[in-house]
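Please read each point with the sequence and the model side by side.

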Amino acid sequence: MEHLENLLRQIDMTRLPRHVAMIMDGNGRWAKSRGQRRSDGHTEGVGSVRRVTELSSDLGIKYLTLYAFSTENWNRPQEEVDLLMHLIGWAIEKELPDLMRNNVRIHLLGDIDRIPEEPRARLTGARDATAANTGLQLNMCLSYSGRWELTEATRRIAADVAAGRLSPEEITEDLISSHLATGGIPDPDLLIRTGGEQRISNYLLWQNAYSELYFTPTLWPDFGKAEYAEAIIDYQNRERRFGKTSEQVAPKQQA
Ligand code: IPE
Ligand code: IPE
Ligand code: MG
């Protein structure tokens with residue numbers, strides 16, 4: 001606790017990331033290393049979701065986007081897919097009172113129609129129940145992948161062109177962004193991946209164009225507020241140049 005408070009004091013509250021995205025990886029390995037079932041790792045991971053949501057909310061971060069289930073994850077053994085679906089629905093319902101108390105708004109990104117009916121109803125129920133909340137927006141990516149999203153967006157844009165509602169010249173970066181699942185949400189400033197892999201795994205491919213990347217070997221169930229704070233401090237020590245030179249972006253020295 002003392003360690004966490006010490007870290008929190010080091011965060012510059014005037015330069016918080018507006019949007020943090022996370023790839024929550026390492027549940028299976030966490031369980032295996034203890035001789036437990038993979039499902040135990042997923043269950044344990046719910047606690048980490050609670051911790052990062054709470055700290056994001058307490059700090060005043062506006063958007064937190066969590067990769068909970070990818071399009072590719074449908075290819076896992078059916079038993080694990082079933083368990084994950086059940087767990088996601090159960091967890092969202094269990095956390096709902098706390099989410100309400102913290103004024104968190106749930107937003108669902110992905111091919112939600114593919115989610116089985118029972119967990120889907122719990123998810124959309126939580127989304128609807130929190131729709132008027134004005135604090136942290138928690139984006140849950142479920143049955144989501146960047147290529148799925150870009151394909152969907154392209155289809156809709158092409159349909160508009162074919163119907164004569166849009167001309168090819170009107171297709172701009174902003175128009176493409178607005179057709180993505182994240183339409184209206186600023187791009188992530190910071191992307192955190194737990195579990196040691198250093199890859200993007202089809203996550204927010206368009207939106208992560210200029211995100212700062214933070215990879216940690218910590219397995220998701222072990223990821224807590226202190227390491228999240230460390231990631232934010234690390235982010236705040238970076239210079240985001242967006243293609244410019246250091247001289248162009250460095251704050252002017254006081255005379
Ligand atoms: C992340 O943990 C959770 C999901 C992808 C749903 P994993 O289940 O991928 O855990 P590892 O990578 O096998 O350890
Ligand atoms: C990425 O984790 C997807 C989620 C965290 C939901 P994976 O464990 O599926 O990633 P890969 O397949 O190892 O890249
Ligand atoms: Mg994994």
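1. In this predicted model, a polar atom in the side chain of Ser201 is 2.5 Å from an oxygen atom of ligand 2. Asn73 also makes a contact through its side chain, with a polar atom 2.9 Å from an oxygen atom of ligand 2. For the side chain of Asp25, the distance from a polar atom to an oxygen atom of ligand 2 is 3.1 Å. On its own, ligand 2 has 390 Å² of accessible area, and the protein covers 78% of that.

2. Which residues surround ligand 2? They are Ile23, Met24, Asp25, Tyr67, Ala68, Phe69, Ser70, Asn73, Arg76, Arg193, Arg199 and Ser201. Sorted by class, this shell holds 5 nonpolar, 3 polar and 4 charged residues. Strand E2, residues 63–70, supplies the largest share of the shell around ligand 2, with 4 residues.

3. Where does ligand 2 sit? Its place is in the largest pocket. Ligand 1 sits in the largest pocket as well.

4. Gly28 takes part through its backbone, where a polar atom is 2.9 Å from an oxygen atom of ligand 1. Arg38 uses its side chain, and an N or O atom there is 2.8 Å from an oxygen atom of ligand 1. The protein covers 86% of the 380 Å² of accessible area that ligand 1 has on its own.

5. A separate point concerns the aromatic rings. How many aromatic pairs are there? The count is 8. One of them joins Tyr210 and Phe242 in a tilted arrangement, with 5.0 Å from centre to centre and 50° between the planes. This pair links distant parts of the chain, as Tyr210 and Phe242 are 32 residues apart. Tyr210 lies in the loop between strand E5 (190–193) and strand E6 (212–215). Phe242 belongs to the loop between helix H8 (225–236) and helix H9 (246–249).

Definitions and conventions: Residues are numbered from 1 along each chain as its sequence is written. Chains are lettered from A and ligands numbered from 1 in the order in which they are written. This is a predicted model: local features need pLDDT of at least 70, side-chain atom pairs count only at pLDDT 80 or more; totals for chains, interfaces and linings use all residues. Side-chain values use heavy atoms; hydrogens and water are left out. A polar contact is a pair of N or O atoms within 3.5 Å; within protein, one must be able to donate a hydrogen and the other to accept it, and residues adjacent in sequence count only if both atoms are side-chain atoms. Accessible areas come from the Shrake-Rupley method with a 1.4 Å probe; for residues, only the protein chains shown count as cover. On a 1 Å grid over the protein atoms alone, a cavity is a set of points where a 1.4 Å probe fits but cannot get out, and a pocket is an open set with protein on both sides within 12 Å along at least five of seven lines; lining residues have an atom within 4 Å of a point. A molecule sits in a cavity or pocket if more than half of its atoms lie within 2 Å of its grid points. Rings of Phe, Tyr and Trp (its six-membered ring) pair if their centres lie within 6.5 Å; planes under 30 degrees apart count as stacked, over 60 as edge-to-face and the rest as tilted. Helices (H or I, at least four residues) and strands (E, at least two) are DSSP runs, numbered from the N terminus. A residue is near a molecule or strand if one of its heavy atoms lies within 4 Å of it. Ala, Val, Leu, Ile, Met, Phe, Trp, Tyr, Cys and Pro count as nonpolar, Asp, Glu, Lys and Arg as charged, and the others, Gly among them, as polar.
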